Amino acid sequence: MSKKLWGGRFTKPTDPSVEEFTKSIHYDYKLAKYDILGSIVHVEILGKAGYLKPQEVSKIQAALIKMSSGKFLPDLSYEDVHSQIQDSLEQKIGDLALKLHTARSRNDQVVFATKVYCKDKLAEVAELGEGLINTLKALAKTNGDIIMPGFTHMQHAQPVYLKDYLGAYAMMLEASVDKVKIAAKDIKLTMGAGALAGTPIAAKHYNVLMDKYAKQLGLKLAGMKLEPTKNSIYSVSDRSFVAEALNVTAIMATHLSRFAEDLIIWSTKEFNFVDIDEAFCTGSSLMPQKKNADALEMIRGSAGRLYGNRMGFLVVMKGLPLSYNRDMQLDKEPLFDSFETVIKELKVLKGLVKTLKFNKDKIESQLDDESLYATDIIYYLVDKGVAFKTAHTIVGKLVKYSIDNGIEIKSMTDHELSKFSDKFKNKEIIKLFDPKVSVESKRSVKR
C-alpha cells in the first residue's frame with residue numbers, strides 16, 4: 001500500500017471500498033506540475049522562515065524540478081497526486097523530504113495547485129479563442145462582398161452582409177475571451193492557510209515572485225505573485241474561482257455551439273450555402289454518399305455537458321459548512337473536462353473555418369425572396385409621411401396579397417399597388433428589391 005500524507009492517529013488500514021471510493025489520483029494527476037510548483041515555492045518560504053537550511057532548500061528544489069521534467073505518470077495505488085509526489089521525493093532525497101510538509105496542509109496545497117491550473121488553462125483558452133476570432137475575421141474579409149438572407153426565428157428576415165454574420169460570432173467570442181482573461185486575473189495565489197487556521201510562519205515570508213520557478217517547469221504564465229492569505233478559512237473554503245472557470249467555459253461553449261449549428265444548417269442540401277472540407281467531416285458505415293459534419297455536431301452536443309459541469313459543481317458546493325470538506329474534491333473532474341473540451345473545440349474550429357467555401361450563387365438566389373425587403377418598403381412609406389404602424393399594416397396586406405395570388409410585388413402596376421397605398425410607385429418600388437440597397441440603407445450600424 002502506498003504511503004499517505006496522514007495516518008499517525010490510525011491503527012487500522014482504510015477499508016478497500018473507502019480507499020477506492022475516495023481516491024482521486026486517476027484524475028488529479030493532471031495537477032502534478034502545478035503541485036510541484038507549489039512545493040518549490042513552499043520550500044523557499046521554509047528557507048526564509050528558518051525551517052530549512054540553504055543547502056536543504058537547494059536540494060529539495062532541485063529534486064522537485066527534476067521530477068517535473070518529462071511526462072508525469074500516475075501510480076493508481078496512491079490516494080492522490082500529492083501523496084505520490086511526496087513519496088517520490090522521499091525516494092529521491094530520503095528523510096529530508098519529510099520536512100517539506102512543515103507548516104503545510106493538503107487543503108491549502110490543493111487550492112494553490114488548482115488555482116495555478118486554472119490560470120494556465122484560462123490563458124490557453126484565451127489564446128486559442130483569439131486565434132479563432134482572427135480566423136473568423138479573415139474569412140469575413142475574404143467574403144466581404146457577399147450579401148445573404150438574415151434570419152429570425154429561422155425565417156427569412158432581411159438581407160445582411162455575410163461578414164456581419166461572421167462578425168457577430170467574432171464579437172461574441174471577443175466578449176468571452178475578455179471574461180476568460182478577467183477570470184484569470186481575479187485568481188489570487190496565496191499560501192499560509194494551513195488546514196484552516198494559518199501557520200507559525202510570518203506572513204511576510206509568503207510574498208514570493210514565482211516567474212522563475214514557473215519558467216523552470218515549462219509554464220508560460222508570467223507575472224505570478226504569491227501573497228499571504230488574508231483569511232485562512234476563506235482560502236481553503238472558497239471555490240468561486242472554479243465556478244467562474246466553469247462559467248466562462250460554458251458561455252464560450254454556447255457561442256461555439258451556435259456557430260456549429262449555423263454551419264451544420266448551411267451545409268445541408270436544402271441550404272447549400274457553405275461547403276465544409278472533407279478533412280473535418282466523416283462518412284457513414286452504411287450509406288457511401290454521406291458527408292457528415294460530425295465535428296460540428298460534437299461541438300453542439302458538448303455544450304450541454306459543460307452546462308452540467310457548471311451546475312453540478314454549484315450543487316455540490318451550495319450546502320457545505322466552513323471550512324474544507326471532502327466534497328470539494330469533486331470540483332476537479334468537471335473542471336478538467338470543461339477546459340479540455342473547449343480547448344479541443346477551439347482547435348478544431350480554427351482549422352475548419354480556414355477551409356470554408358461559400359456558395360455565392362446559391363446564397364444570391366435566396367435573395368430573390370421579396371419578403372426580405374418588406375421592412376424596406378415600410379420605410380419607403382414612412383419617408384413619404386405614413387405613420388410606421390400604418391405602413392406596417394399596409395405592407396403586411398401587400399405581402400399576403402402577393403403570396404395568395406402568386407404575383408411578385410415588383411411586377412405589380414401602379415394601379416394594383418394603389419389598392420394598398422396611393423404612395424406606391426412601381427418604378428420606385430423596384431429599386432428597393434436590391435440587396436445592396438437594402439444593407440446600405442441601414443446607417444445605424446457603425447462599421
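For helix pairs I take axes as lines fitted to C-alpha atoms over the stretch in contact, with angles from 0 to 180 degrees between N-to-C directions. The model I am reading is a predicted one.

**Entry 1: H6 and H7**

I looked up how helix H6 (residues 106–142) meets helix H7 (residues 162–186). Their axes come within 9 Å and cross at roughly 165°. Angles over 145 degrees count as roughly antiparallel, and H6 and H7 are therefore roughly antiparallel to each other. I noted the crossing of H6 and H7 as left-handed. Sorted by class, the H6 and H7 contact has 16 nonpolar, 1 polar and 7 charged residues. As a reminder on spacing, an α-helix has 3.6 residues a turn, so residues three or four places apart point the same way.

**Entry 2: threonine 114**

I stayed on H6 and picked threonine 114, which lies in that helix. Is threonine 114 buried or exposed? Its relative accessible area is 1%, and because buried means under 20%, threonine 114 is buried. A polar atom of the threonine 114 side chain lies 2.7 Å from the backbone oxygen of valine 110. Setting aside neighbours within four places in sequence, I found threonine 114 in contact with Leu31, Phe241, Val242, Asp331, Lys332 and Leu335.

**Entry 3: H14 and its partners**

Next I looked up helix H14 (residues 374–383) against helix H15 (residues 388–405). The two pack at an angle of about 135°, and their axes are 9 Å apart. That angle makes H14 oblique to H15. I recorded a right-handed crossing for H14 and H15. H14 makes the contact through Ala374, Ile377, Ile378, Tyr379, Leu381 and Val382. From H15 come Phe388, Ala391, His392, Ile394, Val395 and Val399. The class count for H14 with H15 is 11 nonpolar, 1 polar and no charged residues.

Which residues of H14 are buried? I found Ala374, Asp376, Ile377, Ile378, Tyr380 and Leu381. These buried residues pack against H15, helix H17 (426–432) and helix H18 (435–440). Just after H14, I noted glycine 385 with a positive phi of about 95°.

**Entry 4: backbone in the loops**

I then checked loop residues for backbone geometry. Methionine 154 is not a glycine, yet it has a positive phi of about 60°. I located methionine 154 in the loop between strand E1 (147–152) and strand E2 (155–161). With 47% relative accessibility, methionine 154 counts as partly exposed.

Asparagine 272 also has a positive phi of about 60° without being a glycine. The loop that holds asparagine 272 runs between helix H10 (240–266) and strand E6 (274–275). Asparagine 272 counts as partly exposed, at 33% relative accessibility.

Where is the cis peptide bond? I found it from leucine 322 to serine 323, with omega near 10°. Serine 323 lies in the loop between helix H11 (294–317) and helix H12 (332–355).

Definitions and conventions: Residues are numbered from 1 along each chain as its sequence is written. This is a predicted model: local features need pLDDT of at least 70, side-chain atom pairs count only at pLDDT 80 or more; totals for chains, interfaces and linings use all residues. Side-chain values use heavy atoms; hydrogens and water are left out. Helices (H or I, at least four residues) and strands (E, at least two) are DSSP runs, numbered from the N terminus. Angles under 35 degrees count as roughly parallel, over 145 as roughly antiparallel, 65 to 115 as roughly perpendicular and the rest as oblique. A crossing is left-handed if the near helix is turned anticlockwise from the far one by less than a right angle, and right-handed if clockwise. Contact means heavy atoms within 4.5 Å. Ala, Val, Leu, Ile, Met, Phe, Trp, Tyr, Cys and Pro count as nonpolar, Asp, Glu, Lys and Arg as charged, and the others, Gly among them, as polar. Buried means under 20% relative accessible area, exposed over 50%, partly exposed in between (1.4 Å probe, protein chains only). A polar contact is a pair of N or O atoms within 3.5 Å; within protein, one must be able to donate a hydrogen and the other to accept it, and residues adjacent in sequence count only if both atoms are side-chain atoms.
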